[in-house]
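Work through these exercises with the model open. Each solution goes step by step.

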Number of protein chains: 2
Amino acid sequence: VTAPRIVEVRRGVLEGNDVRAGRLRARFRESGVTAINLVSSPGTGKTRLLEELLRRMSAAHRVGALVGDCATDNDAVRLARSGAPVRQIVTEGMCHLEADLVERHLEGFPEVDVLFIENVGNLVCPSSFDLGETLRLVLLSVTEGEDKPLKYPSIFASADLAVLTKCDLAEACEFDRDVALAAIDAVHPGLTVIETSARTGAGLDLLIDHLLPVPARS
Amino acid sequence: VTAPRIVEVRRGVLEGNDVRAGRLRARFRESGVTAINLVSSPGTGKTRLLEELLRRMSAAHRVGALVGDCATDNDAVRLARSGAPVRQIVTEGMCHLEADLVERHLEGFPEVDVLFIENVGNLVCPSSFDLGETLRLVLLSVTEGEDKPLKYPSIFASADLAVLTKCDLAEACEFDRDVALAAIDAVHPGLTVIETSARTGAGLDLLIDHLLPVPARS
């Protein structure tokens with residue numbers, strides 16, 4: 001296999017995904033759905049945050065979630081306890097979600113105002129795959145280290161909003177908040193960062209204010 | 001782009017990598033080098049652990065490290081403080097190391113007895129790419145959640161040894177040790193797990209005992 005051939009095939013995959021993502025984006029816009037793509041490392045707390053968001057938002061909005069994982073339906077089981085419609089996407093080892101997987105798993109899914117799409121835990125590959133989302137939300141936990149935005153710049157550069165998670169553990173981790181915020185700003189100047197703790201509830205209402213109403217994504 | 005073509009190209013990439021990894025493995029064996037591939041999520045503490053290992057092992061052994069990252073040479077700068085030879089592999093966005101990158105970065109590298117290869121932080125993609133290593137060491141931090149082995153089974157199934165990191169934070173994270181160990185055992189029955197804290201030094205000497213002498217990898 002020659003390098004140019006790999007590059008060419010990869011370009012083809014991304015172009016095909018972009019076409020399908022564009023179709024999804026149009027569909028979300030026409031039906032008034034705010035679609036939110038959650039991306040982060042494994043273990044940053046996407047599912048835990050989503051549990052809290054579904055619980056808090058479901059009184060005033062029709063919310064639902066698609067959750068991607070390489071294996072297991074653990075997250076769908078956890079999130080379904082909120083009462084919101086939830087569907088698991090098992091990628092069978094694939095390291096990211098693609099638009100056609102989202103499209104297929106929306107067949108027969110209840111109508112919602114806000115659709116969360118929890119990506120596979122991975123700070124690299126999901127950055128290249130548009131899911132037609134209205135908003136891309138990148139999470140960084142205080143336990144991961146302040147330099148992650150510098151080491152995985154694409155995913156922070158492509159995000160519309162950043163969320164710091166597990167802030168209740170900041171002191172135990174000797175987390176340096178200023179260094180982390182500077183790292184995010186270096187790869188994505190001006191990106192809004194919401195500091196949260198799903199355990200204490202800190203920052204969650206502020207985060208919801210930033211999700212609704214959501215500015216249209218071009 | 002049709003799906004069979006992607007599968008075929010991916011197979012070609014993996015087969016090409018396997019050939020180069022086999023060449024590397026033969027070279028490591030002939031020159032008596034123990035090569036250790038460190039894999040984990042971003043932020044699990046690979047670099048922090050490596051700092052401690054290089055420091056503790058360098059008295060009795062010639063140790064060195066190649067460190068992979070999508071961007072920055074932060075880790076090489078950190079690790080070089082140990083006095084051991086260290087070289088950064090910047091993957092420019094690629095989500096894993098491949099054997100040919102390791103091969104190229106070994107050109108002119110000093111002779112060592114133990115070569116650590118710190119992979120890109122990613123629990124999915126590095127599992128498919130053999131680097132010719134003697135030993136694959138998977139890290140899981142107590143801050144990430146007990147279910148990660150179940151959700152990312154390939155990387156735990158392909159590892160020769162597992163290390164729990166940041167055990168000093170276990171209580172603050174309400175980490176359930178038994179659940180985590182059961183999850184590892186479910187995807188890789190019998191895998192040895194060493195519980196460590198780079199901050200307190202707990203488990204590090206035990207880990208080094210497990211790294212040296214290293215059994216030959218078939």
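**Exercise 1. Size up the interface: how many residues of chain A are in contact with how many of chain B?**

Solution. The model is predicted. Start with the count: 40 residues of chain A are in contact with 40 of chain B. Next, take the area. About 3000 Å² is buried between chain A and chain B. Carbon and sulfur atoms give 58% of this area. Val9(A), Pro42(A) and Lys151(A) supply 19% of the area that chain A buries against chain B, more than any other three residues.

**Exercise 2. Find the salt bridges and polar contacts across the interface of chain A and chain B.**

Solution. Six salt bridges cross the interface of chain A and chain B. Now check a pair: the side chains of Lys151(A) and Asp69(B) are 3.8 Å apart, N to O. The cut-off is 4 Å, so a pair at this distance counts as a salt bridge. Turn to the side of chain A that touches chain B. Helix 1 (3-30), helix 3 (74-80) and helix 5 (148-151) of chain A each supply at least two of its residues. Helix 1 of chain A gives the largest share, six residues. By type, this side of chain A divides into 19 nonpolar, 10 polar and 11 charged residues.

**Exercise 3. Which residues have the most contacts inside the largest nonpolar core?**

Solution. This core has 45 residues. Those with the most contacts inside it are Val124, Val138 and Phe156 of chain A and Val124, Val138 and Phe156 of chain B. In both chain A and chain B, strand 5 (135-141), helix 6 (153-157), strand 6 (161-165) and helix 7 (177-187) each supply at least two residues of the core. Finish with Val138(B): among the residues it touches are Val39(B), Phe156(B) and Leu161(B).

Definitions and conventions: Residues numbered from 1 in each chain as written. Chains lettered and ligands numbered in written order. Predicted model: local features only at pLDDT ≥ 70, side-chain atom pairs only at ≥ 80, totals over all residues. Heavy atoms only, no water. Core = buried A, V, L, I, M, F, W, Y, C linked by side-chain atoms within 4.5 Å. Buried < 20%, exposed > 50% of the residue type's maximum accessible area, 1.4 Å probe, protein only. Helix = DSSP H or I, 4+ residues; strand = E, 2+ residues; numbered from the N terminus. Contact = heavy atoms within 4.5 Å. Buried area = accessible area lost by both parts, 1.4 Å probe. Polar contact = N/O pair within 3.5 Å; in protein donor to acceptor, adjacent residues only side chain to side chain. Nonpolar A, V, L, I, M, F, W, Y, C, P; charged D, E, K, R; others polar. Lists of a residue's contacts leave out its neighbours within four places in sequence.
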